Amino acid sequence: MRDAMRRDVARTHLLLMLALTFSTGVIDAVGYLGLDRVFTGNMTGNVVILGMALTGVDDLPVLGPVLALIGFLVGAAIGGRTLRTFDAGWSNKTTLLFSFVAVTLIASAIVATIESEPPHFLAFSVTTALGLAMGLQAAVARHIAVKDITTVVVTSTITGLAADSFAGGEGLNFWKRRMGAILLIGAGACAGALLLTIHIAVGMLASALITVVVTIVGHVSKPQPGDLAEATGL
């Protein structure tokens with residue numbers, strides 16, 4: 001019974017992290033297309049853009065990627081420090097941090113609705129806030145520790161999918177979750193681009209809604225001390 005409970009919790013966590021992966025695709029599309037070519041979740045892409053921008057080529061942005069990177073680092077640091085004394089998995093702190101991510105996304109959407117094209121200082125504040133939210137989300141997802149699902153990047157997931165494939169000389173270990181993460185972040189980007197045609201805030205609100213649902217489901221489904229005692233017969 002205890003093993004069955006663990007499997008159910010692991011399956012729930014997997015589905016929740018995949019949902020957040022889709023949400024990240026939405027946010028990155030909103031950031032890149034609506035906030036002057038800035039990634040707020042995919043820091044690899046952000047660093048590459050920043051590196052190219054420093055050469056002055058193609059008028060690529062500098063300040064936006066820097067602010068997103070700083071926000072991401074601060075968010076990840078907050079998440080890591082908050083959860084460092086807790087065991088891997090879902091706890092009340094996890095619920096609190098994901099709630100903060102949702103609130104930050106909603107606040108960013110509100111700021112973005114002030115004008116159809118926010119002044120630069122508002123756009124930069126939204127960029128920084130979204131970076132912070134995604135960094136915090138990534139840190140919490142890392143603590144939940146669902147294998148191959150970081151929610152913010154799929155490069156390592158693609159590597160694992162290919163390296164562990166028959167072509168790479170191995171069996172298709174975890175191929176469903178890996179393929180799911182890849183497809184979902186792409187689908188999220190597609191959804192984000194479409195939502196951007198309505199308003200820049202709509203994608204942020206959609207991601208906030210996903211985060212709220214993930215937070216509620218994760219909190220409700222986390223094992224309680226009494227459940228564990230019953231499962232072990234204590």
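Which residues is His143 in contact with, leaving aside its neighbours within four places in sequence? In this predicted model, the partners of His143 are Leu83, Phe86, Asp87, Ala88 and Gly89. Contact here means heavy atoms within 4.5 Å. His143 lies in helix H5. The residue is buried, with a relative accessible area of 14%. Buried stands for under 20% relative accessible area, exposed for over 50%, and partly exposed for the range in between (1.4 Å probe, protein chains only).

The model is predicted, so local features need pLDDT of at least 70 and side-chain atom pairs count only at pLDDT 80 or more, while totals for chains, interfaces and linings use all residues. Residues are numbered from 1 along each chain as its sequence is written, and side-chain values use heavy atoms, with hydrogens and water left out.

The protein chain holds 9 helices and 0 strands. Its elements run α-α-α-α-α-α-α-α-α from the N terminus on. Helices (H or I, at least four residues) and strands (E, at least two) are DSSP runs, numbered from the N terminus. The chain has 234 residues, of which 44% count as buried. Contacts between residues at least 6 apart in sequence were also examined. Of these, 73% join residues at least 24 apart.

The largest nonpolar core has 42 residues. A nonpolar core is a set of buried Ala, Val, Leu, Ile, Met, Phe, Trp, Tyr and Cys residues joined through side-chain atoms within 4.5 Å. Met17, Leu105 and Met204 touch the most other members of the largest core. At least two residues of this core come from each of H1, H3, helix H4 (92-112), H5, H7 and helix H8 (200-221). H5 gives the largest share, 10 residues. Met17 is in contact with Trp90, Phe98, Ala141, Ile144, Val146, Ile149 and Thr151, leaving aside neighbours within four places in sequence.

His13 is found in helix H1. With a relative accessible area of 8%, His13 is buried. Gly89 is also a partner of His143.

H3 and H5 pack with their axes 6 Å apart, at an angle of about 35°. Axes are lines fitted to C-alpha atoms, for helices over the stretch in contact, and angles run from 0 to 180 degrees between N-to-C directions. The crossing of H3 and H5 is right-handed. A crossing is right-handed if the near helix is turned clockwise from the far one by less than a right angle, and left-handed if anticlockwise. The contact of H3 with H5 involves 15 nonpolar residues, 10 polar and no charged. Ala, Val, Leu, Ile, Met, Phe, Trp, Tyr, Cys and Pro count as nonpolar, Asp, Glu, Lys and Arg as charged, and the others, Gly among them, as polar.

Val38 sits in the loop between H1 and H2. At 1% relative accessibility, Val38 is buried. Its contacts include Asp28, Tyr32, Asn46, Pro65, Ala68 and Thr127, leaving aside neighbours within four places in sequence. Val38 and Gly131 are 93 residues apart along the chain, and their C-alpha atoms are separated by 9.7 Å.

The whole structure contains 3 salt bridges. A salt bridge is a side-chain nitrogen of Lys or Arg within 4 Å of a carboxyl oxygen of Asp or Glu. Asp8 pairs with Arg11, the closest N and O atoms being 3.0 Å apart. Both residues lie in helix H1 (residues 2-34), 3 residues apart, about one turn of the helix. Asp8 is partly exposed at 44% relative accessibility. Arg11 is partly exposed at 47%.

Arg37 and Asp58 form a salt bridge at 3.7 Å, N to O. This pair links distant parts of the chain, 21 residues apart. Arg37 is in the loop between H1 and helix H2 (43-53), and Asp58 in the loop between H2 and helix H3 (63-83). Arg37 is partly exposed at 24%, whereas Asp58 is exposed at 55%.

Asp148 and Arg178 meet at 2.7 Å, N to O, in a salt bridge. Asp148 lies in the loop between helix H5 (120-144) and helix H6 (155-163) and Arg178 in helix H7 (residues 175-196), so the pair ties together parts 30 residues apart in sequence. Both Asp148 and Arg178 are buried.
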